Amino acid sequence: MAGIRLPPEDADVSQAARQVSAVDLISDDDRSVAADSWSIKSEYGSTLDDEQRHADATEALSAAAYRAPSDYSSDKEEPDAEAVSSLLGFQSYWDATYADELANFREHGHAGEVWFGADVMEIVASWTKTLCLGVSQRHLPNHVDNANHVSAGEPEKELSSWSVLDVGTGNGLLLQELAKQGFSDLTGTDYSEGAIDLARSLADRAEFTNIKFLVDDVLDTKLDKKFQLVVDKGTLDAIGLHPDGPLKRLMYWDSISGLVASGGLLVITSCNSTKDELIQEVEAFNQRSGASPESDTTVDLDASRDPPPFQYIDHVRSYPTFTFGGSVGSRVATVAFLRN
C-alpha cells in the first residue's frame, strides 16, 4: 500500500486541514449508508451501537476521500461508495473488525455479524446439502455428467464423507450451519487471526468440536489437501474490492482450482457479482487454463477434448439481503461449479 504523499513544508498542518475539510464534505446520508454497510443486522446481534458505527463510518469516509495516489487507483475529489467499499478489500480492515467482535464476544457473548444475514446462510447451507446429495447420487442439474462421483448410499453417511473447506470463514457460522445439515469433515480458513480466534470460540461454545480452523490466505494458501466441497461466502467479493482487485481475482481462481478435488464442488455466494458474471469469470479462467474457448460449460463435453476445470451446474435464485435506509441494498447470488 502506497504511503501518503505530503508537500515538503507544513505537512502536519496541511494534513490536518484536509482531514477537517473531509468531515465537512461528508453528508448525513453518506454517514448513514456507510454505517449501514459496517453492520448488517442479524439475529446474532450487532457488534457496535449506532453512534459508534456512524463515527467509524465518518472516519473511513474521510480516509477514503483523501487516499494517496497509487498505481492502482486515481485520485477522487469527493468521497463515493466505491472508495468506502474498497476498505473491505484490505486485511487491516478485517483484522480490526474481528478484534472488535472477539472483544465483544468475550464481554457480552455476541457472535457478531452474519455476512449477508442469517436467512441467506441457512438457505445456502440447505441448498448445498441437496446439491451434494445430487452429486453423490449422480443426479446433477443441467445434464452435467460427474464421472468422479461419490458412491451412492445413505444420505447421512454420504454427507459425513464429504471434506468441506470454507475459505474466508470469518466467524465460522456457515460451517456450523453445514454441520447441522450433516457434514462432519469441516475446515475453515481465514487470513485474519482474530477471525479464527472468534470462530474457534463460537464453535466451542456451540459444541461443534469437529470443525477445524486455520489461519491461511486463499491467495497464498499453504494447504496441501484437496476438498470435495469448497464454499466461499463473500470472500471473492472482498478480494475484488482491493485497489488491485482484478489481479487478485485472477490469483483467486488459480489458487481455488487447486483446492477443489476432481468431482468436487465450488459454491460461491456473492452480492457483487451476478450468476452470469460469475459464470463468465469461470469461463475466462477455463480458457486461461487451456480449455477450448467454444466448450460449453453447462453440458456434457466431448470425450475427444479435455474438459474445462470448472463447469456451472446450478444456482440459487437471487433474493434480498440487507437494506440501506429501508430499501434493498443488495441481492445475493449463490452459484455452484463442478471441478473436472
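The model is predicted, so local features need pLDDT of at least 70, side-chain atom pairs count only at pLDDT 80 or more, and totals for chains, interfaces and linings use all residues. Residues are numbered from 1 along each chain as its sequence is written, and side-chain values use heavy atoms, without hydrogens and water.

**Exercise 1.** Work out how helix 6 and helix 8 are arranged, and which residues meet.

*Solution.* 
- Locate the helices: residues 118-136 and residues 173-180. Helices (H or I, at least four residues) and strands (E, at least two) are DSSP runs, numbered from the N terminus.
- Take the axes, which are lines fitted to C-alpha atoms over the stretch in contact; angles run from 0 to 180 degrees between N-to-C directions. The two axes come within 9 Å and cross at roughly 45 degrees.
- That makes helix 6 oblique to helix 8. Under 35 degrees counts as roughly parallel, over 145 as roughly antiparallel, 65 to 115 as roughly perpendicular, and the rest as oblique.
- List the contacts (heavy atoms within 4.5 Å). M121, E122, A125 and T128 of helix 6 meet L173, L174, E177 and L178 of helix 8.
- Sort that contact by class: five nonpolar, one polar and two charged residues. Ala, Val, Leu, Ile, Met, Phe, Trp, Tyr, Cys and Pro count as nonpolar, Asp, Glu, Lys and Arg as charged, and the others, Gly among them, as polar.

**Exercise 2.** Describe the packing of helix 11 against helix 12.

*Solution.* 
- Helix 11 spans residues 245-256 and helix 12 spans residues 275-288.
- Their axes lie 11 Å apart, at an angle of about 70 degrees. The two helices are therefore roughly perpendicular to each other.
- The crossing is right-handed.
- R249, L250, W253 and D254 in helix 11 meet E281, V282, F285 and R288 in helix 12. This contact divides into four nonpolar, no polar and four charged residues.

Methods. Left-handed = near helix turned anticlockwise from the far one by under 90°.
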